[in-house]
Amino acid sequence: MSEVVRWPRAVRGWSRSSPRPWGVALAPIIILGLFFLYPLGLVVQQSFQPDSGGTSLQPYADVFSSELFRTALWTTVWIAVTSTAGCLVLGFVLALIIAFVPFPGAKTVARFIDVYLSFPSFLITLALLFIYGTTGIVGSFQFLATPWGVLLAEVTYFTPFVMRPLLAAFSQLDTAQLEAASSLGARAPRIIRQVILPEALPALAAGGSLVLVLCLNEFGIVLFTGAKGVTTLPMLVYSKAILESDYPGACVVAVVNVLISVGLYGLYRVVSRRVGA
């Protein structure tokens with residue numbers, strides 16, 4: 001007979017509906033405000049303070065009128081969207097193979113994906129440099145120093161972020177549905193389209209939205225590839241703050257980047273509710 005665990009009286013009287021002490025709720029608010037909201041507030045405040053002094057919208061006017069900012073904004077968006085699309089397609093195909101095509105080492109590959117998620121982005125870029133760098137195997141093409149090289153690096157690094165939720169969704173899929181569809185004469189493309197894909201939509205929405213936000217804010221890959229003419233918003237923040245010492249301008253770009261990221265997260269929440277994620 002299992003032993004009954006007797007909790008202390010204070011714990012036994014607690015429930016989710018019980019009012020919580022203010023101290024318990026206040027502690028995380030203070031920590032969040034001190035380590036996140038306060039630095040973010042300083043960035044927003046600095047974005048309204050031009051070098052000439054005072055408080056004005058001049059830093060925003062200067063940045064928004066800059067051709068470099070508009071180019072960086074467009075480059076950030078199209079690289080993030082294209083990389084996300086590539087990750088969704090490649091991740092879906094690879095997850096299908098691992099989950100439904102029996103081959104030796106499938107479980108090992110699935111476990112490796114979990115380990116791969118802990119790798120830093122610059123490590124993958126460094127590996128690609130040995131192939132596409134100026135002294136790499138196909139270095140004469142200097143592929144990695146182009147926008148397409150950045151896309152390749154981001155798709156290579158972020159695809160497992162799509163595969164992981166897909167593999168979790170596929171593991172819970174009722175195989176009886178697949179067997180029934182196959183017994184009725186449905187071919188593999190139709191089974192994928194009508195049975196597997198609807199079940200995978202929440203995982204695709206979750207993984208795709210995460211990858212989109214990560215690509216939008218990716219800095220290390222773009223910097224490490226040394227791609228010429230590829231200036232994203234994070235790179236522009238670095239350039240203005242470190243190279244030009246234009247701190248108000250850097251803060252303006254950072255605020256824009258944060259607003260886009262928060263907006264995408266809000267869109268993700270709406271989409272995830274509709275698809276049932």
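Reply: What follows begins with the aromatic rings and then turns to the salt bridges and the surface patch. The model is a predicted one, and the values below are computed from it.

Across the whole structure, a search finds 11 aromatic pairs. In one of them, Phe48 and Tyr60, the ring centres lie 5.0 Å apart and the planes meet at 40°, so this pair is classed as tilted. Phe48 sits in the loop between helix H2 (22-47) and helix H3 (58-64), while Tyr60 belongs to helix H3, so the contact ties together parts that are 12 residues apart in sequence. With a relative accessible area of 28%, Phe48 is partly exposed, whereas Tyr60, at 12%, is buried, because buried means under 20%.

Tyr60 also pairs with Phe64: their ring centres are 5.9 Å apart and their planes stand at 70°, so the arrangement is edge-to-face, the label given to angles over 60 degrees. Both of these residues lie in helix H3, 4 residues apart, which is about one turn of the helix. Phe64 is partly exposed, its relative accessible area being 40%. Ring pairs join Phe48, Tyr60 and Phe64, together with Phe69, into a cluster.

Turning to charge, side chains of opposite charge can pair when their charged atoms come close. The structure has 2 salt bridges by the rule applied here. One joins Arg70 to Glu67, with the closest N and O atoms 2.8 Å apart; the two residues are 3 apart in helix H4, a separation of about one helical turn. Arg70 is partly exposed at 40% relative accessibility, and Glu67 is exposed at 51%, because the limit for that label is over 50%. The other bridge links Lys240 with Asp246, where the closest N and O atoms are 3.6 Å apart. Here Lys240 counts as buried, at 12% relative accessibility, while Asp246 is partly exposed, with a relative accessible area of 22%.

Helix H4 (residues 67-100) also supplies the largest share, 5 residues, of a nonpolar patch. This surface patch is formed by Val89, Leu90, Val93, Leu94, Ile97, Val101, Phe103 and Val109, which together have about 590 Å² of accessible area. Val89 is found in helix H4, and its relative accessibility of 56% makes it count as exposed.

Note on methods: Residues numbered from 1 in each chain as written. Predicted model: local features only at pLDDT ≥ 70, side-chain atom pairs only at ≥ 80, totals over all residues. Heavy atoms only, no water. Patch = residues over 30% accessible without salt bridge, like charges linked within 9 Å, V, L, I, M, F, W, Y side chains within 5 Å. Areas by Shrake-Rupley, 256 points an atom, 1.4 Å probe, with all protein chains shown as cover. Salt bridge = Lys/Arg side-chain N within 4 Å of Asp/Glu carboxyl O. Buried < 20%, exposed > 50% of the residue type's maximum accessible area, 1.4 Å probe, protein only. Phe/Tyr/Trp six-rings, centres within 6.5 Å; stacked < 30°, edge-to-face > 60°.
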